[in-house]
Amino acid sequence: MDENYKQPIPSVPVPAMPDNDDEIDLTELLGKLWHKRKFILKLTGIFLLVGLFIALFSPVEYTAQCTVVPQTGEEDSKGGLGGLAAMAGINVGSIGAGGTISPTIYPEIAKSITFTRDIMQTPVTVKKSEGETITLYEYYTDKKYGSFNAMNVLKKYTIGLPGLILSAILPADTGLPTAAGDSTALPAMSKEEKRVYDIIQGSLKLEVNQKDGYVTIGYTFPEAEGAAQIAEGLRRTLEKYVIGYKTEKAKEDLAFVEQSYEDAKKDFIEKQTNLAAFVDANRGLASALARATEERLRNEYNIAFTVYNELAKQREQAQLAVRKTTPVLTVVNPVVVPAEKSAPRRSLILVVFVFLGLIVAVGWVFVAPFFNTLSHEIKQQPADA
């Protein structure tokens, strides 16, 4: 028994501790950054200078806007025809009951060519017009109203240089203007109109808040007063289009009632003439056949008169529905001349470029050794025979 206790205990192999070479050494990273601190500061300074250039030479812009609430309720102006008009086979029970369109369609209206062309004709007064009112299209196309923009010039001869060369080589595109007097021709824009269209669409703001039920209309322009004038013109033009869509059905109903009224008038005159002629021709006769014929003609006359009279009333109602121009956009926050510019936000631009410079510089410090190693390995590889 004692000998068994004297036997050596078998040793259990202990696994080696994992190598910590793959773990991130924060001290080493900070050391790399400190070693390259001059490079990081220089590159961040370059980005700061670029941001300062952009902040100083970006064009000043003002944004004017207003808030409106669309009236989406549907008016019901049914007349008193009902069964009376039905006797003549006329169904005009919903005359004048045209509701407004959904506010979600407003952005699509603003993108249309016809709407933008109307905006191009918005009167605006700028400093260089010397108190004279010009159109927005003239402002964007006449060079005397434009101002020198270093950023646009820089973009034109850097990013936009290929397009500038192509436009000089290729023939000018005059567009496909709509043929005069041809109602079937599709609307088209010239090259100049397309350029102005893009500028207006980029400056226009039309946002629909479906949750709270209001619409924000705004415009961005280099001058504060001009921005307010154009924003107010946008609101009025949008209201004109919405009213136009709203009254479209009322106009169709009016045309239908007018035609029905003329037909009923002719029928009434005919029935009236027949009754009068029969009474004059059979004056003094007391036969049953004459009395029955007179009664039938008188009934036809009464029906024709009732339909004619009711259609005359409905015609007046339809005309009133078309002439009614009640605003469909209630202004809750009117347009005012902006007191502060909306762009450029110089402090934000500087912060963004400084942060971007730091990110690029730090990233290059850690990535550069990898590219140097890769380039060295490629150079050491023997060339193919």
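This is a predicted model: local features need pLDDT of at least 70, side-chain atom pairs count only at pLDDT 80 or more; totals for chains, interfaces and linings use all residues.

Residues are numbered from 1 along each chain as its sequence is written, and side-chain values use heavy atoms, with hydrogens and water left out.

**Helix packing**

- Helices (H or I, at least four residues) and strands (E, at least two) are DSSP runs, numbered from the N terminus.
- Helix H3 (residues 37-57) and helix H13 (residues 346-380) have axes that come within 8 Å and cross at roughly 150°. Axes are lines fitted to C-alpha atoms, for helices over the stretch in contact, and angles run from 0 to 180 degrees between N-to-C directions.
- H3 and H13 are therefore roughly antiparallel (angles under 35 degrees count as roughly parallel, over 145 as roughly antiparallel, 65 to 115 as roughly perpendicular and the rest as oblique).
- The contact of H3 with H13 has 21 nonpolar residues, three polar and one charged. Ala, Val, Leu, Ile, Met, Phe, Trp, Tyr, Cys and Pro count as nonpolar, Asp, Glu, Lys and Arg as charged, and the others, Gly among them, as polar.
- The axes of helix H2 (residues 26-35) and H13 come within 10 Å and cross at roughly 110°, which makes H2 roughly perpendicular to H13.
- On H2, the contact uses Leu 29, Lys 32 and Leu 33; on H13, Val 362, Val 365 and Phe 366. Contact means heavy atoms within 4.5 Å.
- The residues of the H2 contact with H13 are five nonpolar, no polar and one charged.

**Nonpolar cores**

- A nonpolar core is a set of buried Ala, Val, Leu, Ile, Met, Phe, Trp, Tyr and Cys residues joined through side-chain atoms within 4.5 Å. Buried means under 20% relative accessible area, exposed over 50%, partly exposed in between (1.4 Å probe, protein chains only).
- The largest core has 38 residues, of which Phe 115, Tyr 219, Phe 221 and Leu 238 touch the most other members.
- Elements giving two or more residues to this core include strand E1 (62-70), helix H10 (191-203) and helix H11 (224-281). H11 supplies the largest share, nine residues.
- Leu 238 touches Tyr 106, Ile 109, Phe 115, Leu 206, Ile 217 and Leu 329, not counting residues up to four places away in sequence.
- A second, separate core of twelve residues includes Phe 268, Phe 278, Ala 290 and Val 307.

**Ile 230**

- Ile 230 lies in helix H11 and counts as buried, at 0% relative accessibility.
- Leaving aside neighbours within four places in sequence, Ile 230 contacts Thr 122, Val 124, Leu 136, Tyr 219 and Phe 221.
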